[in-house]
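Please look over the protein shown here before reading the notes on it. They are grouped by topic.

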Amino acid sequence: MTQKMLCIEKGFTHGSGFHADDVFSSALLRILNPDIVILRGNVVPEEFDGIVYDIGRGKFDHHQKQKPYRENGIPYAAFGLLWKEFGCLLLSDEDAETFDKEFVQPIDLSDNTGEYHELSRVISDFNPMWNEKNPIDEKFWEAVDFAQTILENRIRKIVSDRKARKEVLKLLEKQEGPVLIMDRFYPWKETVCATEKLYVIFPSARGGYMIQAVPESAGTIALKKEFPVEWRGKTQKELRERTGIATFTFCHTSGFICAADTIEDAKNIAELAAAWI
């Protein structure tokens with residue numbers, strides 16, 4: 001993410017101790033404009049002509065009495081206010097809204113209320129400890145680098161998953177029955193869970209093919225149809241004897257995934273499991 005998407009050349013945020021809010025805000029601005037110059041201080045210079053956040057009581061501050069709230073009651077912090085304004089430059093409106101709900105809101109809530117949030121604590125731990133003499137600005141930029149990597153990876157994943165969804169939908173249009181066969185691995189759960197498919201087959205990074213049971217929904221581990229109890233945790237020899245499938249190599253003890261050496265046997269496993277009573 002090196003493309004300049006934001007024309008603002010300067011940023012200003014508060015100095016001294018830092019939290020996930022101002023750190024992720026700074027990371028976001030650097031993603032939007034890799035050339036932005038961000039300054040820190042306790043008073044905003046009168047002639048400052050850039051974007052001011054988490055200080056100054058302006059558009060991207062949240063310390064004033066009449067702080068902004070989301071419709072669900074979660075207050076905005078600087079990170080959320082900046083994401084609301086500029087997130088659509090990085091993601092679609094739908095994905096930007098989901099990202100706010102899943103990633104930004106917990107950080108905003110923690111900053112506003114002190115509610116425990118592990119990632120916010122991880123960022124706060126970059127601050128110099130009481131018995132250290134590390135320059136605080138140096139530690140701030142270490143934290144921003146870390147946060148920027150997290151943001152870039154998460155955004156890259158969301159964009160990639162959106163592309164994968166289109167590919168999976170194409171495959172679903174062409175294939176009937178309880179099994180979906182993919183020519184390569186795509187993130188598939190959110191797309192396939194909403195269908196009648198019971199199993200998904202895809203090439204394994206270790207060689208051969210994986211056969212995975214489809215969850216009832218993308219956010220649960222409950223499966224539409226687990227692999228038979230009689231297969232789970234058995235040796236290759238036992239699996240092959242019980243099913244007659246020559247290259248059946250593995251069935252997880254929890255019944256959510258199996259493996260075979262050939263695509264033909266992967267199909268046989270899925271079809272046998274689908275018909276198993």
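Asp54 has a relative accessible area of 5%, so it counts as buried; buried means under 20% relative accessible area, exposed over 50%, and partly exposed in between, with a 1.4 Å probe and protein chains only. This is a predicted model, in which local features need pLDDT of at least 70 and side-chain atom pairs count only at pLDDT 80 or more, while totals for chains, interfaces and linings use all residues. Residues are numbered from 1 along each chain as its sequence is written, and side-chain values use heavy atoms, with hydrogens and water left out.

**Loop between β3 and α2**

- Asp54 lies in the loop between β3 (51–52) and α2; helices (H or I, at least four residues) and strands (E, at least two) are DSSP runs, numbered from the N terminus.
- The phi of Asp54 is near 60°, which is a positive value in a residue other than glycine.
- Arg57 is found in the loop between β3 and α2, and its phi is also positive, at about 60°, although Arg57 is not a glycine.
- Is Arg57 buried or exposed? With a relative accessible area of 57%, Arg57 is exposed.

**The sheet**

- Five strands form an open sheet in the order β4-β5-β6-β8-β7, with mixed pairing; two strands pair if DSSP finds at least two bridges between them.
- Why is one side of β4 (179–181) and of β7 left without a neighbour in the sheet? Both strands stand at the edges and each has a single partner strand, so one side of each has no neighbour there.
- Direction ignored, neighbouring strands of this sheet are turned by 20° against each other on average; axes are lines fitted to C-alpha atoms, for helices over the stretch in contact, and angles run from 0 to 180 degrees between N-to-C directions.
- Helix α8 (residues 263–275) packs on the sheet and touches β4, β5 (199–203), β6, β7 and β8, where contact means heavy atoms within 4.5 Å.
- The direction of α8 makes about 170° with that of β5.

**Strand β8 and its partners**

- Strand β8 (residues 257–260) is covered on both faces: Ile257 and Ala259 on one side, and Cys258 and Ala260 on the other, are all buried.
- Strand β6 (residues 209–213) pairs with β8 in the antiparallel sense over four bridges, and Tyr209 stands opposite Ala260 in β8.
- Strand β7 (residues 248–251) and β8 run antiparallel and are joined by three bridges, with Cys251 opposite Cys258 in β8.
- The hairpin of β7 and β8 has five residues between the strands, and in it Gly255 takes a positive phi near 80°.

**Cysteines**

- A disulfide is a covalent bond between the sulfur atoms of two cysteines.
- How many disulfides are there? The count comes to zero, where a disulfide is taken as a pair of cysteine sulfur atoms within 2.5 Å.
- Cys7 is in no disulfide, and the nearest cysteine sulfur, that of Cys88, is 14 Å away.
- Cys7 is exposed, with a relative accessible area of 68%, whereas Cys258 is buried at 0% relative accessibility.
- The closest cysteine sulfur to that of Cys258 is in Cys251, at 3.4 Å, which is too far for a bond.

**Nonpolar cores**

- The largest nonpolar core has 38 residues, and Phe24, Trp83 and Leu151 have the most contacts inside it; such a core is a set of buried Ala, Val, Leu, Ile, Met, Phe, Trp, Tyr and Cys residues joined through side-chain atoms within 4.5 Å.
- The elements giving two or more residues to this core are α1 (20–32), α2 (78–86), α3 (93–113) and α5 (136–174).
- Helix α1 supplies the largest share of this core, eight residues.
- Not counting residues up to four places away in sequence, Trp83 touches Leu28, Leu90, Leu91, Ala96, Phe99, Asp100, Val104 and Ile155.
- A second, separate core of 20 residues includes Ile201, Ala213, Trp231 and Cys258.

- The axes of α1 and α2 come within 8 Å and cross at roughly 25°.
- Helices α1 and α2 are therefore roughly parallel to each other; angles under 35 degrees count as roughly parallel, over 145 as roughly antiparallel, 65 to 115 as roughly perpendicular and the rest as oblique.
- Residues making the contact include Asp21, Phe24 and Ser25 of α1, and Ala78, Phe79 and Leu82 of α2.
- Gln105 is in helix α3 and counts as buried at 8% relative accessibility.
- Not counting residues up to four places away in sequence, Gln105 touches Arg70, Asn72, Ile74 and Asp100.
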